[in-house]
Amino acid sequence: MNTSLLAPAALLELRRTLSGQLSTADQPVYEHLRKVWNAAVDVSPSLIVQADAAHAVRFARAQNLRLAVRSGCHRLWHRGRRVLVDLSKMKGVDLGPETHHVRLESGLTWGEVAALMHPNGLALTAGNVATVGVGGMTQGGGIGWMIRRHGLTIDRLKAVELITVGGQIVRASLSEHPELFWGVRSSGATFRILTALEFEAHEGGMVYGGLLAFDGPNPAGLLAEYTPLSLEAPEDLTTEAMLMLAPPMPFLPPRRWAVRCCWFWPVSAAPSGRAKLRSGHCAAWAPRWLT
Ligand SMILES: Cc1cc2nc3c(=O)[nH]c(=O)nc-3n(C[C@H](O)[C@H](O)[C@H](O)COP(=O)(O)OP(=O)(O)OC[C@H]3O[C@@H](n4cnc5c(N)ncnc54)[C@H](O)[C@@H]3O)c2cc1C
């Protein structure tokens, strides 16, 4: 998509007034910027705006252009949007180790957040994959390794800073603009552009995690045993059964089925030997949750 359908004067004015970077298809950097983590997604917006998101919203509205937003750039899914607001450079953090209150800008990834929080003894229940972004994932709920003990990421959301359709920046929480806060928590990732999110963090700690790999012609037996076992597992333990082909790797049996595990322990509770994960090769579906 090119910029020829945009009013040239409007584009010039945007370039003059925008404090962040503005990229169009005629610039070499555009090709790099338009890409996202998921290589199957191929979208070409007319403009990519980095920072000054509120100004971009006002511009898009005045020009009647459809808007898309991205944060961690994992999987932008809106084709035909003309203005892309890219928040991936917004990575500010405020940590309150005493209060457990954290403010995260949308462009942070969950891996970056974990690395910042861990030295302060804090953690936040989030996704399984470190490269997923704060802005997008939270609005989908946020399912990860600490979900059984600490819930969804969105359960710990206390406030957001968002851009209204009129291009104003407001803070919404249970006490400020509660209807907007309700909308953010209930509508998925299509409601407003979130520039920062505030959470109540929980105690961080060590985790034991890993992959239990099994081989055999049929995973049905494994699943039949796994299901009741997963129901009786302690809440500190989150597991995920995966039936998928893996690339050939020396440590995996030829036909492999896997149960991925993460055992979350608070720092204060020293883990005993019982939490050690062992790899089994189906002959013995050994772990009765690793006792
Ligand atoms: C390999 C992989 C692993 C995943 N693992 C998990 C997982 O373990 N747990 C889990 O819960 N989810 C997981 N997901 C889903 C993931 O949470 C969503 O794809 C999420 O949208 C990614 O967040 P992002 O910030 O990277 O989004 P982006 O790719 O940047 O944007 C995706 C969409 O989110 C919306 N969005 C993004 N930022 C904002 C913002 N600031 N304000 C408003 N809307 C916004 C937009 O609609 C945008 O199109 C996974 C996805 C992939 C591809």
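In which loop is the place of A51? A51 sits in the loop between β2 (47-50) and α3 (53-62); helices (H or I, at least four residues) and strands (E, at least two) are DSSP runs, numbered from the N terminus.

Before the tour begins, note that residues are numbered from 1 along each chain as its sequence is written. The model is predicted, so local features need pLDDT of at least 70 and side-chain atom pairs count only at pLDDT 80 or more, while totals for chains, interfaces and linings use all residues.

Select A51. Its phi is near 70°, a positive value in a residue other than glycine. Most residues other than glycine have a negative phi. A51 counts as partly exposed because it has 19 C-beta neighbours inside 10 Å; a residue is buried with 20 or more other C-beta atoms within 10 Å of its own, exposed with 12 or fewer, and partly exposed in between, with C-beta atoms placed from the backbone.

Select D52, in the loop between β2 and α3. D52 has a positive phi of about 50°.

Next, select β3 (67-70). L67 and V69 on one side and A68 and R70 on the other are all buried. β3 pairs with β4 (residues 83-86) in the parallel sense over four bridges, where pairing requires at least two DSSP bridges between two strands. The bridge partner of A68 in β4 is L84.

Finally, select the ligand. Of the 33 residues around the ligand, G72, G127, G133, G135 and G136 come nearest; a residue is near if its C-beta atom, placed from the backbone, lies within 6 Å. α5 gives the most to this shell, with four residues.
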